[in-house]
Structures are given as C-alpha cells and as structure tokens.
Amino acid sequence: MTNKERRDKGFAYISDESIFEEQKECRKILQKLNFIDRSDFEGISQIVSELFGKSENAFVNPPFYCDYGKHIEVGKNFFANYNCTLLDVARIRIGDNCQMAPNVAIYTAGHPVHPVSRNSGYEYGKEVTIGDNVWLGGNTVVCPGVHIGSNVVIGAGSVVTHDIPDWCIAAGNPCKVIREISDEDYKKLFRDEGIDEEAWEDIQSRMGL
C-alpha cells in the first residue's frame, strides 16, 4: 500500500512527498482564509466551502487551522469561533447545528508511544465523529478516535479522551458526564438564570414550541 492508502485505512504511515503535496493544497486555501478581510463574511463562507470536504452554510472566524480540509465533513449551520484547530489526518465528521467556541482543537493524529517506534517517522490517524446539536466550550480538546453523541454540551477546558453519549453535559480532564439534559433546561440561560420572557416568546415562535 502507498502511505496515503495506509493513512486512510487508519494504519501506521509516513508523511511522504505525496502527503506533503496534499497538505500544500490545503495550506494555500488556509492562506486565503486566514488573511482575508475579516469583515468579508461572504468571502469567508466561500473559502470555507472550498476548504471542507462537505459543508452546508458553514462559517468559521479566522484564524483556522487544519491539515487537509477535505477530510472534514460538517452538517448544516456549522460554526467555529476564533483559533480552532482540526487535525484531520483521519475523517472528522460533525453533524448539523454544531458550534465550537474559541481555541477548540480536534485531533485525529497520533504517534507511537515507544520512542524507538515514534522516532521512525510513523504516525496514524483515528476518526472523530460528533453528532447533531453539539456545543464544544472554549479550549476543549477532542482526542483521536473519540465519538461524541448528539445534543451534547462539553464544558470549557475539557479534554475528551473517551466517547460521550447523547443528551448530556460533560466536562473536565478527562471529560466525564456531569448530568443529562432534560426538558427542565428549555428556559435556562446561564447557571440558574432563566431566559427573559421576550426572548422566550421569540424562541417559541422560531422553534414551533
């Protein structure tokens, strides 16, 4: 197998010239994205569409970093805030209506544990998947091979090393489930503060509640 074939199968591989060529193409697009006029929202959206392997109405606030771009698949209405890094050696698959706060990092890339194997130049990538309606708080790190379910909130500063189930709030290092999300959370805004009535009426109208 070629190193690209090995990489895409999740096997140990070496970044050879063919892989560097793919990364060069991505970096050309990132150059445009990270140096565009930050008020050119339409231009940013167009570049993001060019960068990602799959997207629909996606937007990122530059700067943004990734290895390939084409290995990133996001659903409808994806948003990533400033300084996000998605190391997409393997696929990163993200569902609809997902949000990332500043400094979120998703890593699919890894290296052997033993220094002899690691110094050989071999590395690997393991797919990360995230469901629908997920919010990753600021400075969250998602590690290789992790699967996060739908309707999940990950607290700021978390390091997600294992799978997280649907419908929960999780946080910490390592990230652990704190509690389930329920209908009692409909009107919550921040901690014990509720959503004001004017906004709540608008939410009900917008969401058909």
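Strands β4 (residues 64-66) and β7 (residues 84-87) run parallel and are joined by three bridges. The model is predicted, so local features need pLDDT of at least 70 and side-chain atom pairs count only at pLDDT 80 or more, while totals for chains, interfaces and linings use all residues. Residues are numbered from 1 along each chain as its sequence is written, and side-chain values use heavy atoms, without hydrogens and water.

Terms for strands
- Strands (E, at least two residues) and helices (H or I, at least four) are DSSP runs numbered from the N terminus; two strands pair if DSSP finds at least two bridges between them.

Pairing around β7
- Cys-66 stands opposite Leu-86 in β7.
- β7 is also joined by three bridges to β10 (residues 105-107), in parallel, with Thr-85 opposite Ala-105 in β10.

Seven-stranded sheet
- An open sheet of mixed pairing has the order β3-β6-β9-β14-β17-β19-β20.
- β3 (59-60) and β20 (176-180) are at the edges with a single partner strand each, so one side of each has no neighbour in the sheet.
- β14 (residues 135-136) pairs with β17 (residues 152-154) in the parallel sense over two bridges, and Leu-136 stands opposite Ile-154 in β17.

Largest pocket
- The largest pocket is lined by 31 residues, with Trp-135, Val-153, Ile-181, Asp-185 and Lys-188 nearest its centre. A pocket is an open set of points on a 1 Å grid over the protein atoms alone where a 1.4 Å probe fits, with protein on both sides within 12 Å along at least five of seven lines; lining residues have an atom within 4 Å of a point.
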